[in-house]
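Please look over the structure shown below, with attention to its sheet and its surface. A short briefing follows.

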Amino acid sequence: MNLRRVLILADESADWMVAGLRQLDRLALGIDEFAVDNGETSPVLVCLLWRPDLDRSQRWVPANSRLTHLAFSADLDPQPYDLVLSTRLFLYRKAIGLLVESQPAPITPSLSWESPAPVPPVRPGAWEYITDGDQIDRIEKEFLRGSGKSQDGLVSRYLNRPVSRAITRLLLRFPSTPNGWTWVICPIPIIAAFVLTRGTYWSFFWGIVLFHLFSVLDGCDGEIARAKFMESDRGRRLDDFFDVLSNVLLVIGLGVGLSRQTRFYWIEGILAASLIIVNEWYLASRTPAVVVDSVRDSLGGTLYPRHRELVSRSGLLIFGEKFASLVIQLTKRDVAVLFFVVLAAIGLPSLILHLLFVVTAITLGLALRSR
């Protein structure tokens, strides 16, 4: 599907802020995203047809720095258009391709506000029409409900995400960025580690609770990025760095805190931290090999690309896909951290350190075996 020319019918709704973006900006970013994914070699011409009774001061052209494949025009020329949109159309991500398929092409430019183009029926999860501002809250909630990732564990899906989405809705009302939020919450695991070093029952409990809080809030940066078209390799690397750092701080904090009872624990904490660093470095530095289709289809949605090869070549699938899927779900970070809160609550913080040491050692062993 080629997309060369797009007509946008714009009125006052172009300036409505929905899920962190003005409506016209969201349409433009959606078109640009399609152009990039579709490998368009020349800019897509976007003609803006404003409602005649709007003052010129109310008319504007998107100027987002991420719009790299669009050229804007205010002149309605006689050539047909591949797609006609309205600023009252709220688009979900990756919806432009579906719209191109649903609208007849070419569309003649004899369009006006008196005779608008026919529009496809509402498609939940792809697009909706905003007739008035009272619908914005509902649309934002529906949009963010689908902002999770396929790699989310059970705790993240049913507990963490509902909380992080509520916070993200508030953050999207401000000029927030994913990387900015990552830096805002990065002190939490540092503070949590210092709390753990106190070595008391309550310090272990509240320290682990802080790590769980970080796990919940860590979902907001990705939700902001997906809502505002702000995904980037830099953002992913920054998020991964603080995830690894939080794991390292967790075992070191536990080791130091537990060493107030028995000196051996600080050694276990240092060894566990070393294993985490080596394991993450090894997985990040490897170029993933080709993974068999059966693994990609059955487990690919629950795994990050760098982990698919590990699972497919480690021998874990010998026990069956259901068993492998269960092991993956139970060892995901969100599930593990909530379980650690339970262990801290019943007075077993040492078991947290032992589990992290053993699981990290096994994971590194599987990674080396997958070679």
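How many bridges join strand β1 to strand β4? Six bridges join β1 (residues 5-10) to β4 (residues 44-50), and these strands run parallel. The model is predicted, with local features needing pLDDT of at least 70 and side-chain atom pairs counting only at pLDDT 80 or more, while totals for chains, interfaces and linings use all residues. Residues are numbered from 1 along each chain as its sequence is written, and side-chain values use heavy atoms, leaving out hydrogens and water.

**Sheet**
- An open sheet is formed by four strands in the order β5-β4-β1-β6, with parallel pairing; two strands pair if DSSP finds at least two bridges between them.
- The edge strands, each pairing on one side only, are β5 (70-73) and β6 (83-86); helices (H or I, at least four residues) and strands (E, at least two) are DSSP runs, numbered from the N terminus.
- Val 6 stands opposite Val 46 in β4.

**Surface patch**
- Ile 252, Val 256, Phe 264, Trp 266, Ile 267, Ile 270 and Leu 271 form a nonpolar patch on the surface; such patches take residues with over 30% relative accessible area and no salt bridge, nonpolar side chains (Val, Leu, Ile, Met, Phe, Trp, Tyr) being joined within 5 Å and like charges within 9 Å.
- A salt bridge here is a side-chain nitrogen of Lys or Arg within 4 Å of a carboxyl oxygen of Asp or Glu.
- Helix α10 gives the largest share of the nonpolar patch, five residues.
- Phe 264, found in helix α10, counts as partly exposed because its relative accessibility is 48%, where buried means under 20%, exposed over 50% and partly exposed in between (1.4 Å probe, protein chains only).

Note on methods:
Accessible areas come from the Shrake-Rupley method with a 1.4 Å probe; for residues, only the protein chains shown count as cover.
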